[in-house]
Amino acid sequence: MATNSFLKNINVKNRTQTQQLINALERAEANRGKEVVMSRAVVEIKGDGVKEFFKNRGRQPK
């Protein structure tokens, strides 16, 4: 998850918004989602490794 997606300021201006925020947080906690099992090997690529990875991809053999 990107860091910026959960580092947000939330301005709650009234009691209704406060209750809506609390309800949303409680629903999110209750519905955490499914565990993901990878069916293939996963490798993290950073920096120049991305360019190298895609270097010959997408080119059709002649």
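**View 1. The whole chain and its surface.** The model is predicted, so local features need pLDDT of at least 70 and side-chain atom pairs count only at pLDDT 80 or more, while totals for chains, interfaces and linings use all residues. Residues are numbered from 1 along each chain as its sequence is written, and side-chain values use heavy atoms, with hydrogens and water left out. Of the 62 residues, 0% are buried (under 20% relative accessible area, with exposed over 50% and partly exposed in between, using a 1.4 Å probe and protein chains only).

**View 2. The aromatic pair.** A search of the whole structure finds 1 aromatic pair, a term for rings of Phe, Tyr and Trp (its six-membered ring) with centres within 6.5 Å, called stacked when the planes are under 30 degrees apart, edge-to-face when over 60 and tilted for the rest. The ring centres of F53 and F54 lie 5.0 Å apart with planes at 90°, so this pair is edge-to-face. F53 is partly exposed, its relative accessible area being 38%.

**View 3. The salt bridge.** The count comes to 1 salt bridge (a side-chain nitrogen of Lys or Arg within 4 Å of a carboxyl oxygen of Asp or Glu). Here the side chains of E44 and K46 meet at 3.6 Å, N to O, and both E44 and K46 are exposed.

**View 4. The loop residue V43.** V43 is found in the loop between α1 (15-30) and α2 (48-54), and with 65% relative accessibility V43 counts as exposed.

Technical notes: Helices (H or I, at least four residues) and strands (E, at least two) are DSSP runs, numbered from the N terminus.
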